[in-house]
Amino acid sequence: MRNQSAPPGISIIGRRQFLRSAAALIALPALESFPVLGAAKAAAGSTKKAKNLISIGAYLGWHQNAFYPKEVGRGYKLPTTLAPLANHQNDFTVFSGLDHRAPNGHGAWSNFLCGNTPKAYSMDQVVADQIGQQSRFPSVQLTAGTGEGSKAMSFTKQGIGLPMTQRPSVFYKALFMSEADKARMEYMLRSGRSSLDLVLDDALRLQKSVTRTDGEKLEEYFDSMRSVEKRMERQISQINDPLPTTDYKLPDSDPITPNLLMEAEVLMYDLMALALDTESSRVLSFFIDGLGQVFSFDGVPLRSGYHGLSHHGNDPEMIRDLVSIETAHMHCLNGFLNQLKEKKRPDGTSLLDETIVLVGTGMGDASRHSNADLPTLVAGGGFDHGSHIAIDSNKPDAPLLGDLYITLMQRLGVETNEFSNASRNMNQLFS
Amino acid sequence: MGANAQTGLIVGLALAPCRVLRSNFAALRKRRPYIYVAWFALASTFSLHAKTELPIPDQTYDILANYCLDCHDEAEMKGDVNLDHVSIDWGQKDNRELWEKAHFMAKEGVMPPAKKRQPSEEERAALLAWLDKNLLENTPIGGTPPRRLSAEEYRSTIRELFDLPDYELPLGFPKDSEFHGFNNVGEGLVLSPPLMEAYAKVAEQIADTIYPPARKAPPSTTRTAGPNDMVLSFSAGKVVDDALLLVSRGHEIFRSCSWPSRMEIMSSGRYRVTVSAAKHKPTWGGPMKLEIRARELSASDRSRAEVFRLLKVMEVPSTEPTTITFEADLYEGQTLLFRWMNADMAHDYSKFAQHMREWFEKDARWLAAWQHTVFPNGDFSKIRTSVIRGRSGWEILSKALEDPNLDMSNATMDNKLTVKLLELADSNTGMFNLADVLCHYYFTNGPALEFHEATIEGPLKMVDGPREQLAKKLRQQFTGARKPGQSDEVFTKEILTSFLPQAFRRPVDEQTIDTYLGIAERHWETGNSFDDAMHLLIRNILISPRFLYRLLSPGEIDEYDLASRLSYFLTQAPPDKRLLELARSGALSNPKTLRAEAIRLMPTQPTDAMVQNFTSQWLDTKLLPEIMPDPVFNFSEAEIGIAEEEVEHFFAEILTRNLPMTDFIDPDFHYTTPQFAKDNYQYTPSENAVKKEASMASDSGLEKLPIQRGGRFGGLLAQSAVMTATANGVDTQPVLRGVWVLENILGMPPPPAPKNVPALTPDTRGATTPRELLAAHTNEASCASCHKRIDPVGFVLENFDPVGNWREEWPKSGKRIDSSGTLPDGTPLQDVTHLKSWLVDNIDHFSQCLAEKLMTYATGRVPNYKERKEIETIVEANHAKGNGFQDLVLALVASETFRTK
């Protein structure tokens, strides 16, 4: 049943079908056997809604032993990696034992958001296609580090990896356009729009010159152009809409060298909080890359580069140094959660309540390149938090990470009952 | 043709009533008659309108009625197929495709199904002859729709048009969908709104490249970076006593170099650079040399140092810091890069292993300590790779060096552990790990180079960076020189007159030129500059259908479309000046000229776009980067790359040397690296047997190695890439491989698998072998008709594991692989050599298959019945005169199929 290295292909389809049918067979009571506290409330009909989705993926993963609490349920003792999040313990839930049953290796990292098939339609893009259009940027992809590791974390319906923005200054300029940038954009739109008519005249003349069948084939061109035209017109009509402003200032140079990874993270978190607060975007994904950079904490360089440490071979000192990097990531995340929590709505709820923050990875154990058992954390989104939900993936009816994603998507108003190889949800365990 | 159709029409009208009577008669068995009334009405209406509608003769109808219509009439429509008609309008493509399918099924004996009544041989032959005649008479050659450029064609077209040889499509650019195995088939090349947006974005990007927005000089600043402001990766540097130590002269910058974190140049200009450095624990007297280069901050940290521009080599003579100041041009996005040029150690396979060997020879204690570090407990099967990284490894090593009880018993040069250690030092991952550890030895003991500080002051003045220099060059190309006194209008018209025909790959009439001129004029009227208008023109030209589409000539394919077809086929690029000139003069369609041009454009290198693109699609090697072989196969990413290159070299060799088609199957050479041959084919070429013929150039060290014909090794079917692409990285599935070979090598695609049959799930417990599992196929008559063709071919390849390694036993069950089988024509197969010799004896099957694939790739349509017949004639004729592959390609180019739209 649990075949980690199963490749894409027929065997997967077979297994997927098996899972579907298994899901149909076990019915709900079986779920109660999960070792979970607070699972008693069956919240199938929850009406709570969240508005935003932040998906954060760490390329080299999260060391499981330092990420998973020893105890299950509420009141667990915070494990080392999560220690920086102490103030928010009741604002997030830790999940262990979830994964997509995807192939192993760095190459399959994108299973994080794509599910069982790496590079398939990713969860954040499913959400963006449903609710993203309501904001200026239907979806935003950011990275700390070059993004070279995985190249893409978010994939369109067609399976195209979306490019990620590495420079905070670029994202900042997009969010808070300067007058000069705005003028340039307006010029490009207006000149583009007005010249389009002449190109289309010429295209029509061309269409008339070819055979009827060939001319019909060209309708694809005209349909596509109409859609470009509409987009331009919409943008032109909004050009004078007031843009959000901010007092926030970025440093003079972008922290894009590998040793400044944490600094880049902090800036990106700041900008993501601003993007959410100004309602500029609702769906953002954030990739935390990792290569050979050697970090120093308190002036002492670690025993090896980040990537080298991830291949710790269970050496305790290597693990300690690796966990110190992962803990530093969590410090950065803590700053983000603080900001979301501080931004209060008139009704007393916070931006965090409206925002699902998913933290995870596509690699369960980087030391072995295993993509099983992906450490996962969900904060915000109005869920009942504070627990460690442990799933025993050896059980045949164990929920998949995709089942959790279905629950998250439903909370965001996406009406779906399936994602990748998952076709249930975790509403009973997590609501 | 016209006369025939007329006669047919009259006959059709005359026959129609009797057909109805007969059908009605048949219908009494199971149908209600009213259907027939309506049908009669329809049939007669159609026969009045269609000139290509012909009745089905009585004898043929009887055969159909007796053997086909039980299942394939209007009421049953099994498999959505209805063959019950009074007459057939052969003018309809759908009808031709339906009857072509019927022809295929009847010819291959798939239909009628085995359990049903079978026609006599004469009846079957009569039906086939009738279908063949009608299909041939009524299928027109040609029919590719106007098609947009594929993503690859689009990219290479931009490269050619603007002379931007390294241009890459932006990340996130939409992919083409595959159609019949190729991503450049007209029907699959749909234009959608997201793609149009992507075209518009690229157009903007190109316009910005040629006419970049103006830049302003920033104020001059002074920025300083000390040892703690530098990037440290892997073991490239370490800060000791307020200095950054560099110890390796390795090529990859993240293994050997350091650079400031926050000193990115924001505007290209002249800057004043000051650097101070010193020697650290030198062991020799001469000056240390510090290389100072300008690296793009956005370039990969895996880049080789040599790709970055060298600004200065600084001599560092003493342990006291030396300071130098110099002026240099630094461009937007760059920063300084430092490397110690004459360091003792390098991250470089042969040099590093040599360095270690010499050291081991001198110092047995050093050797023993390394043995202890890498092989704990003296067990050479367990390499401690994970812990021997950077400082972690150094701590183990340095402790061992100080250990008075260090085990010295293995510290000899001929010891197994020593040999293994040196092998590791000379291997891919091992070298980097060991060298990173060694860096720490130098950090502790020296010699090292101390970097103290770097300062950049400026810009002292603005200079043109690469971006501005490129833009200047591109502008000159785009506009040409303006004649003295020429007005903007006249000049622009001149530019358009020369540029539009290049962009649209055909002559452009006055009206089109004026339309685009109008865009510029309107833009000037609203107060914009000449350059602004050029920028706008480029944005618009690149979204015109004339640029984005091919095959837009009004009627038959014209000289220009022919030029495009030939050029995109053989070079994946738009037609060059010479081709366009030949098209203009009307000479290209002359068979001699066309042949000469095809020879001129024929790929010559394995790296040529046509070779890479065609083979990766035909042989599915495009799947390789996605397949992640299970770690048990020990098949590295580098090996996947070599496997792909093997195929490209092999194909290019046969093409350029015009070798016979049989060499695809059973050649006397193989392109690979000796190491790959040893590791993956268990083949060691003897030194003196290596062919002296020049091998084609290869960065990965592929050579042309001689092999024996008739063996299991060599040829497409035994190549690692092909066997990997037809498996899934974990296990093999004989049915999938069998189908793949039928489709791509034999050109006999079996009908699609029945929908209601589940896919076979491999038995992971290993209780049954695949053969036992698949026995069901041959036992069940309805499966057998196809599987008797699929399974033998699949099983005979079972000796190749999922990465193409030879194996004798099935994994898990451990049972000996039974690769035997019988081909449908009765040929017994014992192993792959028998399949190869059968293919050599019946090479036209393969040639036909490859020729059809080439034609699909070249014309953007799947050849139809008549076109396949033409190809058949070409294949036979080519066989008769030597069967050279290049000759075949040339004959295909000369064919009517190629020369028709």
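Visitor: How many helices and strands make up the secondary structure of chain B?
Guide: This is a predicted model. In chain B, the C-alpha trace spans about 110 × 85 × 50 Å along its principal axes. The secondary structure of chain B comes to 33 helices and 17 strands.

Visitor: And how many helices and strands are in chain A?
Guide: Chain A has 431 residues, of which 50% count as buried. Its secondary structure holds 13 helices and ten strands.

Visitor: What share of the residues of chain B count as buried?
Guide: Contacts in chain B with a separation of 6 or more are 76% between residues 24 or more positions apart. Chain B has 901 residues, and the share that counts as buried is 44%.

Visitor: Into which domains is chain B divided, and how far apart do the C-alpha centres of domain 2 and domain 4 lie?
Guide: The domains of chain B are domain 1 (2-138), domain 2 (221-344 + 450-462), domain 3 (349-445), domain 4 (480-549) and domain 5 (620-843). Domain 2 is written as two segments, 221-344 and 450-462. Between the C-alpha centres of domain 2 and domain 4 of chain B the distance is 47 Å.

Visitor: How many residues of chain B are in contact with chain A, and what classes do they fall into?
Guide: The contact involves 61 residues of chain B and 66 residues of chain A. On the chain B side, α7 (193-210), α11 (390-402), α16 (510-525), α17 (530-541) and α18 (545-548) each supply at least two residues. By class, that side has 29 nonpolar, 19 polar and 13 charged residues.

Visitor: Which residues have the most contacts inside the largest nonpolar core?
Guide: That core has 260 residues. Apart from it lies another core of 45 residues, including L149(B) and A533(B). In the largest core, the residues with the most contacts are M272(A), V247(B), L449(B) and L892(B).

Visitor: Which residues does L892(B) touch, not counting residues up to four places away in sequence?
Guide: L892(B) is among the residues with the most contacts inside the largest nonpolar core. Beyond four places in sequence, it touches A851(B), L854(B), M855(B), I874(B) and F898(B).

Visitor: Why is helix α10 of chain B largely enclosed, and what covers its buried residues?
Guide: Eight of the eleven residues of α10 (residues 364-374) of chain B are buried, so the helix is largely enclosed by the rest of the structure. Among the buried residues of α10(B) are W370(B), Q371(B) and H372(B). The cover includes α9 (349-362), α11 and α12 (416-425) of chain B.

Visitor: Is R868(B) buried or exposed?
Guide: R868(B) sits in helix α31 (residues 865-880) of chain B. It touches E852(B) and P863(B), not counting residues up to four places away in sequence. The cut-off for burial is 20 or more C-beta atoms within 10 Å. R868(B) has 20 such neighbours, so it counts as buried.

Key. Residues numbered from 1 in each chain as written. Chains lettered and ligands numbered in written order. Predicted model: local features only at pLDDT ≥ 70, side-chain atom pairs only at ≥ 80, totals over all residues. Domains from an automatic or database assignment. Contact = placed C-beta atoms within 7 Å. Helix = DSSP H or I, 4+ residues; strand = E, 2+ residues; numbered from the N terminus. Nonpolar A, V, L, I, M, F, W, Y, C, P; charged D, E, K, R; others polar. Core = buried A, V, L, I, M, F, W, Y, C linked by C-beta atoms within 7 Å. Buried ≥ 20, exposed ≤ 12 C-beta atoms within 10 Å, placed from the backbone.
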